[in-house]
Amino acid sequence: MADHGEQACRRVDGGISRVFALFGKRWTGQIVFVLLQRPVHFAELRRAIPGISERMLSDRLTELGAAGLVIREVHEGPPLRVAYRLTEAGAAMEPALKELGRWADTYLTRDDAAGSGTGR
């Protein structure tokens, strides 16, 4: 028989809660997915993610850096350029993100992903 008590509810408040506290924020998954390809300069990263503002991109990169997933690298110029790359921990997200993408291709329509659908 399934455990429906208070203890079962507390189990959810572990690693999965920490993952969704970070990856549940808009743009975070897309940023990491772009960085899986290679290190990217800020302007390139912004172009790769249509609709994200500079401020939001900067905020998300700061959060990912604080979480130990992204490293900010300053390349002396001229011109001075800043690139971002994944740490080992960030790169380790690749299998999970690819699997989520496969799941979405199977179970979510484009309308579902935009928030206007109800799923299958």
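## Thr28 and helix H3

Thr28 touches Leu22, Phe23, Arg60 and Leu64, leaving out residues up to four places away in sequence. The model is predicted. Thr28 belongs to helix H3, which covers residues 28-37. The relative accessible area of Thr28 is 1%. That falls under the 20% limit, so Thr28 counts as buried.

H3 lies across S1, S2 and S3. The angle between H3 and S3 is about 95°.

## The sheet

Three strands make up an open sheet. Their order is S1-S3-S2, and the pairing is antiparallel. S1 and S2 are the edge strands, each pairing on one side only.

S2 spans residues 70-75 and S3 spans residues 81-86. Six bridges link S2 and S3 in the antiparallel sense. Val70 has Leu86 in S3 as its bridge partner. S2 and S3 form a hairpin, with five residues between the two strands.

S1 is joined to S3 by two bridges. This pair also runs antiparallel. In a regular strand, side chains alternate between the two faces of the sheet.

## His41 on strand S1

His41 sits in strand S1, residues 40-41. The bridge partner of His41 in S3 is Ala83. His41 is in contact with Arg81, Val82 and Ala83, once neighbours within four places in sequence are set aside.

Is His41 buried or exposed? The relative accessible area of His41 is 19%. Buried means under 20%, so His41 is classed as buried.

## A nonpolar surface patch

Which residues form the nonpolar patch on the surface? They are Ile16, Val19 and Phe20. Together these residues have about 280 Å² of accessible area.

Ile16 is found in helix H2, which runs over residues 15-23. The relative accessible area of Ile16 is 46%. Exposed requires over 50% and buried requires under 20%, so Ile16 is partly exposed.

## Summary of the picture

Helix H3 carries the buried Thr28 and lies across S1, S2 and S3. In the sheet, S3 pairs with S2 over six bridges and with S1 over two. Ile16 in helix H2 is part of the nonpolar patch with Val19 and Phe20.

Key:
Residues are numbered from 1 along each chain as its sequence is written. This is a predicted model: local features need pLDDT of at least 70, side-chain atom pairs count only at pLDDT 80 or more; totals for chains, interfaces and linings use all residues. Side-chain values use heavy atoms; hydrogens and water are left out. Helices (H or I, at least four residues) and strands (E, at least two) are DSSP runs, numbered from the N terminus. Buried means under 20% relative accessible area, exposed over 50%, partly exposed in between (1.4 Å probe, protein chains only). Contact means heavy atoms within 4.5 Å. Patches are made of residues with over 30% relative accessible area and no salt bridge: like charges are joined within 9 Å, nonpolar side chains (Val, Leu, Ile, Met, Phe, Trp, Tyr) within 5 Å. Accessible areas come from the Shrake-Rupley method with a 1.4 Å probe; for residues, only the protein chains shown count as cover. A salt bridge is a side-chain nitrogen of Lys or Arg within 4 Å of a carboxyl oxygen of Asp or Glu. Two strands pair if DSSP finds at least two bridges between them. Axes are lines fitted to C-alpha atoms, for helices over the stretch in contact, and angles run from 0 to 180 degrees between N-to-C directions.
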